[in-house]
Amino acid sequence: MSIKPKFYIKDLKDNVGEEVSLKGWLYNKRSSGKIKFLILRDGTGYVQCVVFKGNVSEEVFDAADKLTQESSFEVTGKVKEEPRSIGGYELDVTDLKIISLAQEYPITPKEHGIEFLIDNRHLWVRSKRQVAILKVRARVVKAIRDFFDSHGFTLFDPPIITPNACEGTSTLFEMDYFDLGKAYLTQSGQLYEESGALALGKVYSFGPTFRAEKSKTRRHLTEFWMVEPEMAFYDLDDDMDLAEEFIEYVVQTVLNDCKEELNILERDTSKLENIKRPFPRISYTEAVEILKKKGVDFQWGNDFGGADETLIGEEFDRPVMIHRYPTEVKAFYMKRDPENEKVVLAVDVIAPEGYGEIIGGSQREDNLDLLLQRIKDHGLPQSYFEWYLDLRRFGSVPHSGFGLGLERTVSWICGLEHLREAIPFPRMIYRNTP
RNA sequence: UCCGCGGUAGCUCAAUGGCAGAGCAUGCGGCUGUUAACCGCAGGGUUGUAGGUUCGAGCCCUACCCGCGGAGCCA
């Protein structure tokens, strides 16, 4: 006994002229007396099913009449090409079985407010736009894995529960951990990736990370996914080379494989076609000059705000890599520039079209004494970092890495207004349901 | 935490301090090519909560709750 579908909508082009059975849900229904148009969705696509009163039994016609939005049903009919129809194919219905009649469905084919949609996120994910976004997200995830797996990287999973603040800066989600006191949800696996790089050469992690910041903007989630490669014997230039090759690969892959989805999202793909190496590379100091030229009253030494990033990003038609930030605004583990102690060998990649920072990375401080000094300067407890300092005591090497935020990348590629659509169930400061 | 905007039917929104309405959704009826179909009829309300002003409050005032947009914060 098996009930799994033998046919899916995306494959109907191979079944023209044949009779097939499809299973799915009613997306929409239009009726004109003795003819009914049912739009079926099955997760792979949409197809219009035409029910003529003269072609089917009375029971089948009544069943088609009874179907409510999002009712599940099985439908049998002959596939034909039909340019007037969504997807270009149509089903001439001969049989129809209702599987489950849906109650009055809250998300009607009219506009809705964001609060209502998020409250119904478990149902909202069924709508055409959300399906397209989530398919792009899945493709981005696969592209990320494919890229690193085929470039000599080994997947190296860091812990989610950590005893200390990796960066020592941002606010973490705290929990009681048995008799060991407080533990925290990770904000970054980076320090652990460094130990992996010294074991395996090139490693990456890919998973959820958590920030308890009270950020209330379209660019922030409290739970988001990050991919973090870390490479032994890479300097900042090597790091930037990798980052731009990586971004180019992800964007071009999605562009090639998700045409249908990007079309549904009405994304201007010409903007994405530009995303080819080399990306512009400017120093923080040069970025500050751009801001000043644009009339922004900006003090060298401060970090860029969202508006600043947008202004800088507007200058370029592809991601811009800003390197060598002031030491004070960056994390303790970043290596100082031997040629200028005021800056560190860090790089942020700013996406175009105002999507902001998608990558933050750096060459790491590999000198034990300098790293100890930076930990002291940041007022961090050295005892928490003894294991990390061991990485400098036992065969330290120059190494680098970066982190890329998945939802920001998906938002940029899809052209979304808000990060909350780029993940199935967004977690935000004032929202942890459904 | 701060600034701004908002909360009216299941949903999206109207309503000069004076009878609480429309579209969609739902139900019933009509229509053999619809594309957020269309046409007719019907049901559907503690106007976020509490208090106040007033002959009379959805509308004005006070407090609170919730949400949205942004700032700050944030590898």
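How many salt bridges does the rule find across the interface of domain 1 and domain 2? Keep that in mind while you set up the view; this is a predicted model.

**Stop 1: the two domains.** Colour residues 9-100 of chain A as domain 1 and residues 121-422 as domain 2. Taken over C-alpha atoms, the centres of domain 1 and domain 2 lie 46 Å apart.

**Stop 2: where the domains meet.** Now show the residues at the boundary: eight from domain 1 are in contact with five from domain 2. Between them, domain 1 and domain 2 bury about 520 Å², with 45% of that area on carbon and sulfur atoms. On the domain 1 side, select Tyr-27, Arg-41 and Tyr-46, which lose the most area to domain 2 and together make up 60% of what that side buries.

**Stop 3: the salt bridge.** Here is the reply to the opening question: the rule finds one salt bridge across the interface of domain 1 and domain 2. To look at a salt bridge, select Arg-126 and Glu-70, whose closest N and O atoms are 2.9 Å apart. Polar contacts also cross the interface of domain 1 and domain 2, in three residue pairs. If you colour the side of domain 1 that touches domain 2 by residue type, you get four nonpolar, two polar and two charged residues.

**Stop 4: a three-stranded sheet.** Next, switch to a cartoon view and find an open sheet with the strand order S7-S9-S8 and antiparallel pairing. Strands S7 (161-162) and S8 (174-176) are at the edges, and each has a single partner strand, so one side of each has no neighbour in the sheet. As background, strands of a sheet pair through backbone hydrogen bonds.

**Stop 5: from S7 to S9.** Select residues 182-185 for strand S9, which runs antiparallel to S7 and is joined to S7 by two bridges. Pick Thr-162, and you will find Tyr-184 of S9 opposite.

**Stop 6: from S8 to S9.** Which residue in S9 stands opposite Met-175? Select Ala-183, which is the one. Three bridges join S8 to S9, and these strands run antiparallel.

**Stop 7: the turn.** Finish at the hairpin of S8 and S9, where five residues lie between the strands. Click on Phe-178 in this hairpin: Phe-178 takes a positive phi near 45 degrees.

Methods
Residues are numbered from 1 along each chain as its sequence is written. Chains are lettered from A and ligands numbered from 1 in the order in which they are written. This is a predicted model: local features need pLDDT of at least 70, side-chain atom pairs count only at pLDDT 80 or more; totals for chains, interfaces and linings use all residues. Side-chain values use heavy atoms; hydrogens and water are left out. Two strands pair if DSSP finds at least two bridges between them. Helices (H or I, at least four residues) and strands (E, at least two) are DSSP runs, numbered from the N terminus. Domain bounds come from an automatic or database domain assignment. Contact means heavy atoms within 4.5 Å. Buried area is the accessible area (1.4 Å probe) that two parts lose on being put together, summed over both. A salt bridge is a side-chain nitrogen of Lys or Arg within 4 Å of a carboxyl oxygen of Asp or Glu. A polar contact is a pair of N or O atoms within 3.5 Å; within protein, one must be able to donate a hydrogen and the other to accept it, and residues adjacent in sequence count only if both atoms are side-chain atoms. Ala, Val, Leu, Ile, Met, Phe, Trp, Tyr, Cys and Pro count as nonpolar, Asp, Glu, Lys and Arg as charged, and the others, Gly among them, as polar.
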